[in-house]
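Let's go through a fold together, one feature at a time. Keep the viewer open while we talk.

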Amino acid sequence: MAYIMVDIESDGPIPGDFSMISFGAVLVQDGLDKTFYGQLKPISENYIPEALAVSGHTREEVLSFDDPATVMANFATWIKTVCKDQPIFISDNNGFDWMFICWYFHHFTGKNPFGFSSQNLGSLYKGMVKDMFKNFKHLRKTAHTHHPVDDAKGNAEALITLKREHELKIKL
């Protein structure tokens, strides 16, 4: 099984009514050199300016981004290329990131290559250190910039550190 760290940026709180603007993914392995980046044209007229501002893009810019169906098909192909078996979706906030990725995969490709479950990095860390109030973010090396590839890499670095320092018994 291969862990793929994912981070998304959106222009609102839920898929369908609002749009995923961009996302990044990184195969969690030493080097973190297998990445995917997608920028998606909005699927809705709805957007929250403050939510869109987090991505660093304007509405005019995102209207020129790529067709979501093409981006999601390309992402599915990338996943097949980097994973020889079942990919495992993991993110810092899987409740948010997962719902967009899952919805977009089902809506635009008819199938989610990750299956029906996801993992949460923050919850994993809390369980490992046995403290529900601890946060893993100090383990990131790459700055959290709200560029989804940077953010996915930082989170992947934290997961690799957890594996090494805490002898986590997962195959990356």
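Q: Before we start, what am I looking at?
A: This is a predicted model, where local features need pLDDT of at least 70, side-chain atom pairs count only at pLDDT 80 or more, and totals for chains, interfaces and linings use all residues. Residues are numbered from 1 along each chain as its sequence is written, and side-chain values use heavy atoms, with hydrogens and water left out.

Q: What is the strand order in the open sheet?
A: First the terms: helices (H or I, at least four residues) and strands (E, at least two) are DSSP runs numbered from the N terminus, and two strands pair if DSSP finds at least two bridges between them. Here 5 strands make an open sheet in the order 3-2-1-4-5, with mixed pairing. Strand 3 and strand 5 (119–120) are the edges, each pairing on one side only.

Q: How many bridges join strand 1 to strand 2?
A: There are 7, and the two strands run antiparallel; isoleucine 8, for example, has phenylalanine 23 in strand 2 as its bridge partner. Strand 2 (residues 20–27) also pairs with strand 3 in the antiparallel sense, over 5 bridges, and there glycine 24 stands opposite tyrosine 37.

Q: And which way do strand 1 and strand 4 run, parallel or antiparallel?
A: Parallel, with 4 bridges between strand 1 and strand 4 (residues 87–91). Tyrosine 3 has isoleucine 88 as its partner in strand 4.

Q: How do I read the two faces of a strand?
A: In a regular strand the side chains alternate between the two faces of the sheet. Take strand 3 (residues 35–39): Phe36 and Gly38 form its covered face, while Thr35, Tyr37 and Gln39 form the uncovered one. Now compare strand 1 (residues 2–10), where 9 of the 9 residues are buried (under 20% relative accessible area; exposed is over 50% and partly exposed in between, with a 1.4 Å probe and protein chains only). Ala2, Ile4, Val6, Ile8 and Ser10 point one way from strand 1, and Tyr3, Met5, Asp7 and Glu9 the other.

Q: How do I describe two packed helices?
A: Two packed helices are described by the angle between their axes and the distance between the axes. The axes are lines fitted to C-alpha atoms, for helices over the stretch in contact, and angles run from 0 to 180 degrees between N-to-C directions. Helix 3 (residues 68–82) and helix 4 (residues 94–109) have axes that come within 9 Å and cross at roughly 105 degrees. The pair is therefore roughly perpendicular (65 to 115 degrees; under 35 is roughly parallel, over 145 roughly antiparallel and the rest oblique).

Q: Where is serine 44, and is it buried or exposed?
A: Serine 44 sits in the loop between strand 3 and helix 1 (49–54), and it counts as buried because its relative accessible area is 11%. Its side chain reaches the backbone oxygen of aspartate 17 at 2.8 Å.

Q: What about aspartate 67: where is it found?
A: Look in the loop between helix 2 (59–62) and helix 3. Aspartate 67 has 40% relative accessibility, so it counts as partly exposed. Aspartate 67 and glutamine 39 are 28 residues apart in sequence, and their C-alpha atoms are 8.5 Å apart in space.

Definitions and conventions. Polar contact = N/O pair within 3.5 Å; in protein donor to acceptor, adjacent residues only side chain to side chain.
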